[in-house]
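Please read the following note with the sequence and the structure at hand. The points are numbered so that each may be checked in turn.

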Amino acid sequence: MNHETWLNISSTSLYAAFILYLIAILPFSASIKAKNKRYERIGIILTTIGFIMQIVYFITRWIAAGHAPVSNMYEFLTMFGIMMVGGFLIINAIYHTPILALFSLPVAMLVIVYASMFSREVSPLIPALQSNWLAIHVITVTISYGILSVSSMAGLIYLLRYVDAKEKSRDAFWLEVVMYFAVLVIAFILTTIVMKGIVHYDDQYFYVDKNGNNAVSYYHLPAIVTFKDAYPVVPKGNNNYQEVERFSTGLEVPPVLNAQKLTTVIWSIIIGTILYGLIRLITRRTIFSMVKPLTNKVSLQLMDEIGYRSVIIGFPLFALGGLLFASIWAQIAWSRFWGWDPKEVWALVTFLFYAVFLHLRLGRGWEGKKSAWLAVVGLAIILFNVIAVNLIIAGLHSYA
């Protein structure tokens, strides 16, 4: 089979996996009130088949590309989605907790949908990426992310079950804040999908990048933030551009930040806040109180155990992939083990956070509610690393 055939099989497999996950949510939802495990088994079968289809996507894209498909944002995010589902299947095989699916699968699906907004083109690897350590490093990191994400889902379920929605408390307030940020993440993904994939909004600005080279930035939303001294242009062919007039907020950032993605984040906060306000206005209830009934039959002890055990498994994997293997690759690619690149710094932050998590859990007895809150914060750190550090902050990992 030729290159295009393998890519078609790859794309079709990923699409099929997404549909299977979407369908699987229905039996998992029914299993919450069911007296037998029939619906749970159906959900697990559908999810397992979907996971196998994602593995088929990964293998066939590897064959088509000639290298591990983990070298750009589309491939990395898709891999992250694969490992989130894989992490759920591993934990479910041990603890048999279908409630985790109702939280893990939607997040994995959002990650896959968001990944589809990036270029799916297969291109030759740049010299820095031409190493087997790239695949070893990224695959190990995404496996750890998937398992640690399950810990966060277990922590969130624990809090939803534990916190009383009828009483005003600090925990109830912060849990609603978590729901608000979940709406912001959904708004971020939907905004990107609609404006880039459907509306095809496209504004172009001419600027000087951090290396002093002339460059053009592309905006898929009205520019709130631009690069320093950037000005709007329209293409005239043959790499020529003509300056035009557009409304400007006057907000500028240095090229070390990604002004286009920062604009998307700001718009997502605006749109997400409006969406959150509308939900509250229409329902006249907190989102937390609407989600809480899903957890009525949850065992707090079991969720606490899953949250802890997931970190026990995921943390050493992250230490291997995110620090040790990454350092070896950095030495090969850039002739230094450590360079304080934004991605490297945030990998260290993630490592230290989970080290503190385990210290507080084992040394200070932070179990139950405290451990659950730490697990939820862990997911926020992972998502910041995956989205904000990769996209907004310019660095050596900006291509990934």
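**Note on strands and helices**

1. In this predicted model, Val208 has Asn214 of strand β2 as its bridge partner. The pair belongs to the contact between strand β1 (residues 203-208) and β2, where 6 bridges join two strands that run antiparallel. Between β1 and β2 lie 5 residues, and the two strands form a hairpin. Within the turn, Gly212 has a positive phi of about 85°.

2. A second hairpin is made by β4 and β5, with 2 residues between the strands. Asn238 in this hairpin takes a positive phi near 55°. Strand β4 (residues 231-237) pairs with β5 in the antiparallel sense, over 4 bridges. Two of the facing positions may be located by eye: Gly237 stands opposite Asn240 in β5, and Val233 stands opposite Glu243 in β5.

3. In what order do the strands of the open sheet follow one another? The order is β2-β1-β4-β5, so that 4 strands form the sheet with antiparallel pairing, and β2 (214-219) and β5 stand at its edges. Each edge strand has a single partner, and therefore one side of each is left without a neighbour in the sheet. On average, neighbouring strands of the sheet are turned by 50° against each other, direction ignored.

4. The student should next turn to the helices. Two packed helices are described by the angle between their axes and the distance between the axes. For helix α4 (residues 101-115) and helix α6 (residues 170-198), the axes come within 10 Å and cross at roughly 30°. Because angles under 35 degrees count as roughly parallel, α4 and α6 are roughly parallel to each other. The crossing in which α4 passes α6 is left-handed. On the α4 side, the contact is made by Leu110, Val113 and Tyr114; on the α6 side, by Ile186, Phe188, Ile189, Thr192 and Ile193. These residues divide into 7 nonpolar, 1 polar and no charged.

5. How far apart are the axes of helix α3 (residues 73-95) and helix α5 (residues 132-162)? They are 7 Å apart, and the two helices pack at an angle of about 50°, which makes α3 oblique to α5. Here the crossing is right-handed. From α3, the residues that meet α5 are Phe76, Met79, Phe80, Met83, Met84, Gly87, Phe88 and Ile91. Their counterparts in α5 are Val138, Ile139, Thr142, Ile143, Tyr145, Gly146, Ile147, Ser149 and Val150. The residues of this contact comprise 13 nonpolar, 4 polar and no charged.

6. His96 lies in the loop between α3 and α4, and its phi is near 55°, a positive value in a residue other than glycine. Arg284 is found in the loop between α7 (259-283) and α8 (287-291). The phi of Arg284 is likewise positive, near 55°, and Arg284 is a residue other than glycine.

7. Finally, the confidence of the prediction should be considered. The protein chain has a mean pLDDT of 85, and 96% of its residues reach 70 or more. Confidence is highest in helix α2 (residues 38-65), at a mean of 92. It is lowest in strand β5 (residues 240-243), at a mean of 82. Where pLDDT is low, the predicted coordinates should not be read in detail.

Terms used
Residues numbered from 1 in each chain as written. Predicted model: local features only at pLDDT ≥ 70, side-chain atom pairs only at ≥ 80, totals over all residues. Heavy atoms only, no water. pLDDT = per-residue confidence, 0-100. Pairing = 2+ DSSP bridges. Axes fitted to C-alpha atoms, helices over the stretch in contact; angles between N-to-C directions. Parallel < 35°, antiparallel > 145°, perpendicular 65-115°, else oblique. Left-handed = near helix turned anticlockwise from the far one by under 90°. Contact = heavy atoms within 4.5 Å. Nonpolar A, V, L, I, M, F, W, Y, C, P; charged D, E, K, R; others polar.
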